[in-house]
Amino acid sequence: MDILVSSLAAGLLIGMVLALVALGLTIIFGVMDIVNFAHGEFLMVGMYTGLLTAQSLRIDPLLTLPFAAIVGFVLGVICYVGFVKFLLRGPMVAQLLGTFGLMLFLRNLALLIFGSEDRALHHGLLVGKSFDIGMGVIIPATKLAAAGLSVAAFWAVWILMNRTKIGKALTATALNSQGARYMGIPTERMNALAWGIGGASVTIAGALIVNFWSVNPFIGLLFTMIAFAIVALGGFGSVPGAFFAGLVVGIITEIPGIWDFFTYTFNIRWMANVPMTSFKYMWVYLAYFIIMVVRPRGLFGWKR
Amino acid sequence: MSGRQSRPGASTSFPGSNGVRMNRHAILETKDIKVRYSGLAVLHGVSVSLEPSETVCVLGSNGAGKSTLLRAIMGAQRVFDGQILFMGREIHRLRTEQIVRLGIIYVPEEKMLFTPLSVEENLLLGAYVLNDKKEIQDSLDFVYNLFPALKARRGQAASTLSGGEQQMVAIGRGLMSRPKVLMLDEPSLGLAPLLVDEVLGTVRELKRQGIPIFLVEQNVREALDLADRGYILQTGRIVAHGTGKELLESDMFRTAFLGI
């Protein structure tokens, strides 16, 4: 029983962080119908930002979030104004290949600056600490904090999108950009803002993840793919969809633990022989595949 | 511009022109504008003007360039040559959102509503350029007063409305920012005859309130009856111009619309 509960708890917690990872992707797609293949690389930048500011300023990793947010916002805006803006004039395939190129560029830039070795945080208020919530279920403090702060960041972005004038203008741009221009909404600035918000939310997620995950220049693709699966499941452009799909995908990543639960509870011998942990992410991509076939609109539909 | 005098008559009849020196009477005018789509000329030097409190209609068959003309004024279509002046100021190099801020509102033929959003959210987005809450609320009251049907449906998604109601939202949304010039592109397109009368009745009401209106219409007779003046656009050229009565009796009108 404890394996099941801790697997589900771990799945939900990581799911909340993954939802924040996917949030930026779904916002950028929602506002300008562009799929950012470099999304995971933004997360990598967030991880390095968290790691390096914590180490160089000797502050707790959790205090690096504002730095990560600023770096992500600026990076997002620069990418849009300096690069993506021009891609939008070209055909769809140019946009796909363009952000793919951005991914390769950021990845290789990180390789040049940081080298290929794994780096991890070893110090911090919460690093290495954990809570025992009973029934033998132990939750690492870093993951709990990451989940809580992710939900807070997600909520803040949701409020920005739904309760403010600027958020309404973003929504209008997403729904009909020409119509939005006829209302006097500066859609170019809205696009840049979407990239800023998208960049900031994913770098915050990165700075949270680096508390319990080591970083290297190649880490991005894994998260890009997970974010794709979440956005597909939740519905492209849907913010609430990204949250719930994030939780679902979080639990899917814990399928090996759930598998173990059944293996040992019911003592099923053949199940014990399957190296399930090696297939952790296969289930996520399988789910992605099934969603695209069965319900391409995702759970919450496109854009809302 | 510097040597000319502003005409006092213009500023008394039209509050928006206060303090702005006008070259002449026109609040909005195009001077010999040329527009091309990928090298193909669509407008070959079109000059139209709109005076304060005036309703002017632009008539023409499909593909004559009516919508292109309005889009060019809105900065949504690049002007290849010529000039567009709004209250004496060149606007043809401005971006659409800057032109909207100056006070020109375009209600496109396609309506371009934000369909998943509610009626009220759509209307409020129309007031994007306003900042004063009181002003926005007054605009909202004004629109609900003009279209009581919309007030009843304020919380409903725009996509659930009928074609006529959607047109009301589109026009209402355009009025929210208190435009100095309203440009309506085929507001009665695709509506049942009864609704056509209702929409054109609204245009008449707006005219009565002194809002300068540029109207593109397919209901030629009603449009000419309603408008102070009209232009006939044929394959990118103005071929006739005059009051409604003059146009209805002109040879150009007969050949263009009646095929005689």
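Is helix H4 of chain B, residues 119-126, enclosed or left open by the rest of the structure? Enclosed, largely, because 6 of its 8 residues are buried. Bear in mind that this is a predicted model.

Let me name those residues. In H4 of chain B, the buried ones are B:Val119, B:Asn122, B:Leu123, B:Leu124, B:Leu125 and B:Gly126. Their cover comes from both chains. Chain A supplies helix H6, residues 165-175, as part of it. From chain B, the cover includes helix H5 (133-146), helix H6 (148-152) and helix H7 (163-175).

That brings us to the contact between the chains. On chain A, 14 residues take part, and they meet 16 residues of chain B. Two elements of chain A each give two or more residues to that side: H6 and helix H7, the latter at 177-182. Sorted by class, the chain A side has 7 nonpolar residues, 4 polar and 3 charged.

Now the sheet in chain B. Four strands, open, in the order E2-E1-E4-E5. Pairing is antiparallel. E2 (40-50) and E5 (89-90) of chain B are the edge strands; each has a single partner, so one side of each has no neighbour in the sheet. Look at E1 of chain B, residues 28-37. It is joined to E2(B) by 8 bridges. For a landmark in that pair, find B:Lys34, which sits opposite B:His44 of E2(B). A helix packs on this sheet: H2 of chain B, residues 66-73. H2(B) touches E1, E2 and E4 (81-86) of chain B, and its direction makes about 70° with that of E2(B).

Next, the nonpolar core. The largest one has 179 residues. The members touching the most others are A:Val17, A:Val21, A:Ile230, B:Ile104 and B:Met183. Which helix gives the most to this core? Helix H1 of chain A, residues 2-32, with 18 residues. Take A:Val17 as an example. Leaving out residues up to four places away in sequence, A:Val17 touches A:Ala146, A:Ala147, A:Ser150, A:Ala205, A:Leu208 and A:Ile209.

Last, chain A as a whole. It has 13 helices and 2 strands. Of its 304 residues, 52% count as buried. The C-alpha trace spans about 65 × 50 × 35 Å along the principal axes. The radius of gyration is 19 Å, which agrees with the value near 19 Å for a compact globule of 304 residues.

Terms used
Residues are numbered from 1 along each chain as its sequence is written. Chains are lettered from A and ligands numbered from 1 in the order in which they are written. This is a predicted model: local features need pLDDT of at least 70, side-chain atom pairs count only at pLDDT 80 or more; totals for chains, interfaces and linings use all residues. Two strands pair if DSSP finds at least two bridges between them. Two residues are in contact if their C-beta atoms, placed from the backbone, lie within 7 Å. Axes are lines fitted to C-alpha atoms, for helices over the stretch in contact, and angles run from 0 to 180 degrees between N-to-C directions. A residue is buried if 20 or more other C-beta atoms lie within 10 Å of its own, exposed if 12 or fewer, and partly exposed in between; C-beta atoms are placed from the backbone. Ala, Val, Leu, Ile, Met, Phe, Trp, Tyr, Cys and Pro count as nonpolar, Asp, Glu, Lys and Arg as charged, and the others, Gly among them, as polar. A nonpolar core is a set of buried Ala, Val, Leu, Ile, Met, Phe, Trp, Tyr and Cys residues joined through C-beta atoms within 7 Å. The radius of gyration is taken over C-alpha atoms; the globule rule is 2.2 Å times the number of residues to the power 0.38.
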